[in-house]
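Thanks, everyone, for making time this morning.

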Amino acid sequence: MRVLEKAPAKINLSLDVLHKREDGFHEVKMIMTTIDLADRVELIELPFEEIRIVSHNRFVPDDQRNLAYQAAKLLKDRYHIRKGISISITKTIPVAAGLAGGSSDAAATLRGLNRLWNLGLTLDELAALGAEIGSDVSFCVYGGTALATGRGEIIHHIDPPPHCWVVLAKPSIGVSTADVYKNLNVHAIKHPNVEGMIEAIKDCDYDRICRLMGNVLESVTLHMHPEVANIKDQMKRFGADAVMMSGSGPTVFGLVQYESRLPRVYNGLRGFCDQVFAVRMLGERNSLD
Ligand SMILES: C[C@](O)(CO)[C@H](O)COP(=O)(O)OP(=O)(O)OC[C@H]1O[C@@H](n2ccc(N)nc2=O)[C@H](O)[C@@H]1O
Ligand SMILES: Nc1ncnc2c1ncn2[C@@H]1O[C@H](COP(=O)(O)OP(=O)(O)OP(=O)(O)O)[C@@H](O)[C@H]1O
């Protein structure tokens, strides 16, 4: 038996940090949405008890460090599954990019194994398991658009934003999420208007969404990697309506409302970055079938 799952990337339209918690994590308030840039996760039963990761990307670990491996291990242990599984990951999402690639692979593995092993778990149950793997995994289990609170694992679904294009540019550096949070000065944060963003999305007000975008981690990563600021400037210059870094970076995304404006932004960025994508937002949430 084999099962295929799509594992889409996320962007953060708004990312606020409220304070640092006793457990070392940061209390966040952020709007996340999935985009049509996805890895492919293929799950194939093995005749012996082993979790095997197959990936041809040299930046992706093929052992217990892989978040998809951790997802399979968690389900196997929790539900006493005595079966082996091969997890084949075809990466399209850049690695260590602020796009939750690894988290989405883990979420896809949870959804796929739920089907393959007939576990009968709901998306809510899978999202709760996902939170044990990483803060972004719960959102990735559902996909769609959501307000995420807590350390990112408490998900409140909201309406999808109006259709638009997203241009992504990833400079050839990887960023450690832990380092970015560590270097954030929580006492000097200029908080974005997350509630306003929820209202703007609800009203399908594209211009207001563009105006209200904000990410408090941006200044930290920009300070560590000034080339990210340069990519932001170029993306604005080539005509994106609004430009921001996603998550802890270093990927920069720009929103473009009209398809006719897309080639200029996309082609302009290709001169600066190896990895440039033009995709649509994915409004729909995942279902279990
Ligand atoms: C930047 C975002 O991607 C925005 O969506 C997330 O907040 C990060 O989510 P993630 O990569 O799944 O993060 P995790 O794997 O849970 O944590 C990685 C590290 O980031 C830091 N971390 C993460 C989430 C959070 N709310 N506070 C934190 O301080 C912690 O040092 C943690 O050890
Ligand atoms: N399935 C996976 N795909 C990519 N990287 C993975 C995977 N599993 C574990 N990793 C490890 O996780 C690190 C971060 O990769 P990932 O692509 O998930 O980062 P990210 O997009 O910045 O995540 P986030 O936005 O959730 O902070 C990589 O350097 C890699 O070593």
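This is a predicted model: local features need pLDDT of at least 70, side-chain atom pairs count only at pLDDT 80 or more; totals for chains, interfaces and linings use all residues.

Let me begin with ligand 2, which has 20 residues around it, and of these Ala 96, Gly 98, Gly 102, Asp 136 and Thr 177 come nearest; a residue counts as near when one of its heavy atoms lies within 4 Å of the molecule. Residues are numbered from 1 along each chain as its sequence is written, chains are lettered from A and ligands numbered from 1 in the order in which they are written, and side-chain values use heavy atoms, with hydrogens and water left out.

Which atoms of Asn 66 and Leu 67 lie close to a nitrogen atom of ligand 2? For Asn 66 it is a polar side-chain atom, at 3.1 Å from a nitrogen atom of the ligand, whereas Leu 67 places a backbone N or O atom 3.0 Å from a nitrogen atom of ligand 2. A backbone N or O atom of Ala 96 lies 2.9 Å from an oxygen atom of ligand 2; polar contacts here are pairs of N or O atoms within 3.5 Å. Taken alone, ligand 2 exposes 610 Å², and the protein buries 80% of that, with areas computed by the Shrake-Rupley method and a 1.4 Å probe.

As for where that shell comes from, its largest share, four residues, is supplied by helix 2 (residues 101-116), helices being DSSP runs of H or I with at least four residues and strands runs of E with at least two, numbered from the N terminus. By residue type, the shell around ligand 2 divides into nine nonpolar, six polar and five charged, where Asp, Glu, Lys and Arg count as charged and Gly is placed among the polar residues.

Turning to ligand 1, there are 19 residues around it, and His 26, Ser 135, Asp 136, Arg 151 and Tyr 181 come nearest. A polar side-chain atom of Tyr 181 lies 2.6 Å from an oxygen atom of ligand 1, a side-chain N or O atom of His 26 is 2.7 Å from a ligand oxygen, and for Asn 12 the corresponding value is 3.2 Å. On its own ligand 1 has 640 Å² of accessible area, of which the protein covers 80%.

Strand 1 (2-20), strand 2 (26-46) and helix 5 (177-182) each supply at least two residues of this shell, and strand 2 gives the most, with four. The shell around ligand 1 divides into eight nonpolar, eight polar and three charged residues.

Finally, the backbone: most residues other than glycine have a negative phi, and most peptide bonds are trans. Ala 96, however, has a positive phi of about 55 degrees although it is not a glycine, and it is found in the loop between strand 4 (84-90) and helix 2. The peptide bond from Gly 249 to Pro 250 is cis, with omega near 5 degrees, and Pro 250 belongs to the loop between strand 9 (242-245) and strand 10 (252-256).

Key
A polar contact is a pair of N or O atoms within 3.5 Å; within protein, one must be able to donate a hydrogen and the other to accept it, and residues adjacent in sequence count only if both atoms are side-chain atoms.
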